[in-house]
Amino acid sequence: MITLSNTLTSKKEKLPLFVRLKKEWKKNSIVYIVLIPILIHFVIFQVYPFLLSFYLTFMDWKVIGDAEFVGLKHWKYLFSDTLAWKAIWNTVKFSIYYIVPTMALGLILALIINSGVRGAKFFKGIFFLPVVTSFVIIAGIWGWLFRGTEEGMINYIIGFVGIEPQLFLSDSSQALAVLAGLSVFKVAGSTMIYYFAGLQSIDRQLYEAARIDGASPFKIFWNVTFPLLKPIHFYVAITTTIGSFQIFDSAYLLTGGGPNYATTTIVYYLYTQGFTSLNLSYAAVLSYVLFFIILIISLIQRRYLGKESNHY
Amino acid sequence: MKKVISYTALFVLGFCFLMPFIIMILGSLKEVEYAQLDPLFWIPDDPTLKNYKYILNDGLFLRWIWNSVVITVIPVFSQMLFCAILGYIFAKKQFIGREFIFWVFMGVIMIPQQLLIIPKYIMFSDFGWINTYWALIVPEIWGIMGVFLVRQFLQGIPNDLEEAAYIDGANDLQVFVKIILPLSVPVVATVGTFSFISNWNDLFQPLIYLTQETMFPVTLGLASILGKEGNFGIEMAGSAVSFIPTFLIFMFFQRFFTEGIQMSGLK
């Protein structure tokens, strides 16, 4: 084997090394001039931090002085840290409140836009506007809308139908749902874009055929449109799930993780551990937990999408 | 009947989606203490520009806007440039390790930002980058997602034009500048708009790397006054001013947002 591969390479190496390098440089100089600095940048700002973070999980990092090797201490602590598990559970709950409503609202918006109404482009812009708006702006208004006093806007509105004023962000059983509502409002516009593209790619003849068969609009939607959107459902479900596990901004801005840790999500907990308690090593452990969760979701996506594309 | 439902839904939902923005604008024209807000405070009577005058005369707010401009504009332009040229290299050039490097890029894209921020905080402390623009600019000068988008776009374009140019004796740089770049304007604009939105709206990274109020971008600055007792109108006026660039970019480049979202979905 070794001799065979040696002879193969030596056959190629007819030209002296210097000449070959010169030829390659002449052919691809632009590649090397651009790619080498970019790869150095990539290693410094992505690869090295990734490895450093893993190394950190086995150390006790200190603000002053050298880090000390502590082995699996932080990983072990993770399993007994009830607050970490609460944070994970809160994030899962947030996902439950957030994923299906975002998908449903996005689909509804896309269906309306796609139904041949006038001004569809204008309204598409309005629905998309929250996507490009910062969390800070939306949270400022959201916090006012969901004030937990009688003066709050939402309390004022639900008062008309006889519902008692709710505490919303100050109630540990409601706060997370209010934050999820903010995210639904912010993200539904981008879900709409995916569904809109999906709806436009459906062959109109299918609708015609169903209509001739006497199917009602609702039946057409449920038996033709909805199943045909399956790849979009899947893609949107994955991206919103990944997004939901990274939720931080609204918890930081509106609740500070409270009340009673009810809105302490994984990233919020990671932030307080790392940057308020300055326990960076344990925060690194938590960030790896987040990474593993996202990795698993992404792998499911790749596997499924790989299967899908084999069908065609 | 179907039309009636469609239009009703369109207007109701459109109103709901616009409502927060309307409240932001109308609220910014009011002088009202947060504690005294009533549900209908925003209904305009006696509008005033006092809040805008206040924040524009307040050196700190303008400083926040300026900081946001610095940490947004530089990455936007460098991302457009680097992602264009890297996208071209990965789509059109043959070189050793091309597939491998791209495969590594696609793997690394799955690493959440929140994981990298802890080691980066330690690194930047050593570099002396805490409370400087560097921490927010240097890591953002190019991005894997942008390279992916440009590469995807250019792979769909036949090589005829370039080959003709090579026959005419053009070199890579000339081909890139004269042929590839003009062709990639839409996708490069997409990269730019995405980069603008992610940098202008970013809260998490500034929160970690910046502690001095004078270095805050406008997101972090607004967050520091959010919900504090005081004039709610000032908060809304600040939000409205910080929203203007986003809104303008959105108005002019909406197409690139939506196309970019669709493209990134077609992995």
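**Figure 1. Burial and overall form of chain B in the predicted model.** Of the 267 residues of chain B, 42% count as buried; a residue is buried if 20 or more other C-beta atoms, placed from the backbone, lie within 10 Å of its own, exposed if 12 or fewer do, and partly exposed in between. The model is predicted, so local features need a pLDDT of at least 70 and side-chain atom pairs count only at pLDDT 80 or more, whereas totals for chains, interfaces and linings use all residues. Residues are numbered from 1 along each chain as its sequence is written, and chains are lettered from A, with ligands numbered from 1, in the order in which they are written. The secondary structure of chain B comprises 13 helices and zero strands, these being DSSP runs numbered from the N terminus (helices: H or I, at least four residues; strands: E, at least two). The C-alpha trace of chain B spans about 70 × 65 × 30 Å along its principal axes. Among contacts in chain B with a separation of 6 or more, 79% join residues 24 or more positions apart; two residues are in contact if their C-beta atoms, placed from the backbone, lie within 7 Å.

**Figure 2. The contact between chain A and chain B.** Chain A contributes 64 residues and chain B 60 residues. On the side of chain A that touches chain B, the largest share, 13 residues, comes from H2(A). By class, this side of chain A has 47 nonpolar, 15 polar and two charged residues; Ala, Val, Leu, Ile, Met, Phe, Trp, Tyr, Cys and Pro count as nonpolar, Asp, Glu, Lys and Arg as charged, and the others, Gly among them, as polar.

**Figure 3. Helix H2 of chain A against helix H3 of chain B.** The axes of H2(A) (residues 17-56) and H3(B) (residues 59-92) come within 11 Å and cross at roughly 120°. Axes are lines fitted to C-alpha atoms, for helices over the stretch in contact, with angles from 0 to 180 degrees between N-to-C directions. A:Val31, A:Val34, A:Leu35 and A:Ile38 of H2(A) meet B:Phe82, B:Ile85, B:Leu86 and B:Ile89 of H3(B). This contact has eight nonpolar, no polar and no charged residues.

**Figure 4. Helix H13 of chain A.** Eight of the eleven residues of H13(A) (residues 266-276) are buried, including A:Tyr268, A:Tyr269, A:Tyr271 and A:Gln273. H13(A) is followed by A:Leu278, whose phi is positive, near 55°.
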